Amino acid sequence: MGTGHPINDYIKKEGIDPEQGLGQGLFLTISSLVPIVNVDLLVYNKHGQFLLTRRNDSHCGTGWHVPGGCIRFKETCEDRIRKVALKELGIKKISFDKNPVKVFEIIEKRQRPIENQNERAHFITLVYQCLVDDSYQINNGNLTEEDAGYIKWFDTLPDDLLSIQSCYHEIMN
């Protein structure tokens, strides 16, 4: 028996827990209809260097990017910051200001090699300045600098920063 609302019935039938993520298909559908709110982490060390990670996908292309992640249903910005720091950078303890240093509205306008050009093409990005202590060590395992997920310290933004993040030239360098 249904709950009386089609979306609730769909969520239950598909076994979706919005607090854990929507699944790739549903996320891409939703992201082609509404902007996605995410956090990006400007992670600095005491020398003023910042971390970027390598990315290679059909939505954003290949290049360096500021680590970040989409905020899940009922998740706080602070929780997403910690999860991104751990998942993407291996940082277990990170310090950050509770207020974003910048808010960007990022809209992808270029043609991409995907069927639905609207997928993941509109973000409201809350940018947080973060700091790691001296004990943090990058662990790239067997990855090379050309592999997606590779982490590297930078002094300035690289030439091959992903075009969707060109807005960072406004606040960095």
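How many residues does helix H3 have, and how far does helix H3 reach from its first C-alpha to its last? Helix H3 spans residues 77-89, which makes 13 residues, and reaches 17 Å between those two atoms. That is close to the 18 Å expected at 1.5 Å a residue. The model is predicted.

**Helix H3**

- Five names make up the buried set of H3: Arg80, Ile81, Val84, Ala85 and Leu89.
- These residues lie on the same side of H3, because they cover an arc of only 135° around the axis.
- An α-helix has 3.6 residues a turn, so residues three or four places apart point the same way.
- The cover over the buried residues of H3 includes strands E1, E2, E4 (68-70), E5 (95-96), E7 and E8 (151-154).
- Gly90 follows H3, and its phi is positive, near 75°.

**The largest nonpolar core**

- This core has 24 residues.
- Leu42, Phe50, Leu52, Leu157, Tyr168 and Met172 touch the most other members.
- Two or more residues come from each of helix H2 (24-31) and strands E1 (36-44), E2 (50-57), E6 (102-107) and E7 (122-131).
- E1 gives the most, with three residues.
- Beyond its neighbours within four places in sequence, Met172 is in contact with Leu42, Tyr44, Phe50 and Leu157.

**Another core**

How values were computed
Residues are numbered from 1 along each chain as its sequence is written. This is a predicted model: local features need pLDDT of at least 70, side-chain atom pairs count only at pLDDT 80 or more; totals for chains, interfaces and linings use all residues. Side-chain values use heavy atoms; hydrogens and water are left out. A nonpolar core is a set of buried Ala, Val, Leu, Ile, Met, Phe, Trp, Tyr and Cys residues joined through side-chain atoms within 4.5 Å. Buried means under 20% relative accessible area, exposed over 50%, partly exposed in between (1.4 Å probe, protein chains only). Helices (H or I, at least four residues) and strands (E, at least two) are DSSP runs, numbered from the N terminus. Contact means heavy atoms within 4.5 Å. The expected span of a helix is 1.5 Å times one less than its number of residues. The arc is that of the directions from the helix axis to the C-beta atoms.
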